[in-house]
Amino acid sequence: MISFLHPWALAGLVAAGLPLLLHLLARREPPTVVFPAVRYLVDATRRHQRRLRLQNLLLLVLRTLLVVALVLAAAGPLASLGGVGLLGAAPGHAPTALVLVVDNSLSSGAVVAGTPRLAALRRAAREVLDRASADDELWLIAADGVPRRGTGRSLAVAVDSLEPSPRRLDLGEALATAGDLLAASERPGEIVVLSDLQASALSAAEIRVPLLVARPGEEPPPNRGIAALATSPQPWTIDGGRVVVTVAGDSGGPLPLSIRLGEGGRRSTLVRVGVPTAVGIPGAASGWWRLTAELNPDELRGDDVRIGAVRVAPIARVRWDSTDTYVAAAAEVLAANGRIARGSEVVLGGLGPGRSIVVPPADRARLGALNRELAARRVAWRYGDPLAGGVTTDSGPLVGRERVMRRHRLVRVGGETGAAGAGVLATAGGEPWIVRDGDVVLLASRLEPEWTGLPVAAGFMPFIDALVNVAARGDVAVVQAAPGVPVALPDPVTEVRRGTDRWPVEGGAAYRPPLPGLYFLLGGPDTVGALAVNPDPRESLLAPAPDDAVRRLWRGARVVELSDAAAYAFAQGTMADLRGPLLWAALVLGVMEVGLASVWRRRG
């Protein structure tokens, strides 16, 4: 690739046509009259004219090339050496802005030939940074996605400190960040990516600068990891519950798996990749418990363990209206399966003296009386006017995405009425659909097919279970997340706790858990939920993307072996100045032109 320091000087190439113009003008001759006495000279003259035409054509070419060489030299051409010289890496380069992306996500901890892959990535990164000069602008982006700016020496220290991170690095997002950094620089920019190039880590990105992608040459090791750990509806009773485990990775035979609740005994079973496996777990005393599933170790240890949280509590004692067809049918099934019992702890479908789950009355004329009863109970929410138009619930811990055809507006007295208002448990169309204040839960729709699709959906009974056993008691569902990925906290949460670490938060806001582990969610002094943080299951899929897939997603990318990264880095800054060679060429052309013209003039 060739660029020019003074591209405006290329306009002088128009002067290259002057020798041709002069040559054409010189060919204009007056009419010739041949006398009989000189006819014998015609043949000799014709041979002489052919020689003159050849001489003139050669002089024309030399003069044109001379003008072109001088104009190009004035434009200051620079030619890229591609980062590689005759003896290997080019010894120097022009000031460059370079972003180095080192993929130290969880998969970089895979052991190949006794060494973690990250060791090779760190070595290649140091070799690239060793070639940096004091005039370069340098950034380092690792799995946390935070750009670090520094010198080659300081970034080399940062590279040496990198360890396999539980965070997933989306390479397309990293390239977009790198492009934004380079767009603000006045120096020629380029991006160098050092990665194992998991196919699951690639996403499309628009590349406007040279991109070098370096990857290991060895195939990844076989791997299996726990991709999902789901529990039967919570809270569990003292009789225990069920756990469903799913393993991802390379196919293979049965794998031994152990599961433990708290510090209790382990339950062992065999699992297969991609096949959900249910395991019964004995119960424990009431409270919050850590659930741990573990595979035998392999070449990637970071995905062999997955954690969850279990709430153990007595089942709710519920009173419901037997004339409410769908609610009564769901309650009967839950009672038959030991998830609820008949009693007066929770009133389902109306406002009682204690914990209550309230739905709008079938007769709108009773809405005013219900609002007055809510005011007497000091509940901060009221039923407002009916809202027209179907919407969909916004998926969350309490309810997934369900169709809502009819609903009432839920209005908070003297406070926010939007989805971010205090006490909102679920929304539909961006507005509150399920809310709670104290021991009262309000639904904006009746639980009938004319109002919402929930009563005829497969998730209706788990929804009723969660209402009476979780929401009515002031608990929140167990939330799942990955490290560094924002998760919306339920509204009642005021603090997140992990061991001795505490983070004050605002309910409904996004929280980014920094590390894997079990986080407890506090609402004031009470523990109201848990957040189980585990690595993204896509990190277990070590299969690399083919080179053509990389070039298809990142147009113009150059893919090389990891050991060649340093040799091809700083290609944008490794530019040869062609002005000297062009001036020497012009001198040679000028000498040749003068020499040939002089010799032929003497001969003429």
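**View A. The exposed face of helix α7 in the predicted model carries Arg372 and Ala376.** These two exposed residues lie on the face turned away from the buried side of α7. The model shown here and in the other views is predicted. Just after the helix, Arg378 takes a positive phi of about 60°.

**View B. Helix α7, residues 367-376, has four buried residues: Leu367, Leu370, Asn371 and Leu374.** They cover an arc of only 100° around the axis, and therefore lie on the same side of α7. The elements that cover these buried residues include the strands β22 (355-358) and β23 (381-387). Also among them are β26 (407-412) and β29 (440-443).

**View C. Trp503, Tyr511 and Tyr519 are linked into a cluster by ring pairs.** Tyr511 counts as buried because its relative accessibility is 8%, under the 20% cut-off. Tyr519 is also buried, with a relative accessible area of 0%. The count of aromatic pairs comes to three.

**View D. The charged end of Arg406 sits over the ring of Trp451.** The distance from this charged end to the centre of the Trp451 ring is 4.2 Å. This places the charge within the 6 Å cut-off used for such contacts.

Conventions: Residues are numbered from 1 along each chain as its sequence is written. This is a predicted model: local features need pLDDT of at least 70, side-chain atom pairs count only at pLDDT 80 or more; totals for chains, interfaces and linings use all residues. Side-chain values use heavy atoms; hydrogens and water are left out. Buried means under 20% relative accessible area, exposed over 50%, partly exposed in between (1.4 Å probe, protein chains only). The arc is that of the directions from the helix axis to the C-beta atoms. Contact means heavy atoms within 4.5 Å. Rings of Phe, Tyr and Trp (its six-membered ring) pair if their centres lie within 6.5 Å; planes under 30 degrees apart count as stacked, over 60 as edge-to-face and the rest as tilted. A charge sits over a ring if NZ of Lys or CZ of Arg is within 6 Å of the ring centre and within 35 degrees of the ring normal.
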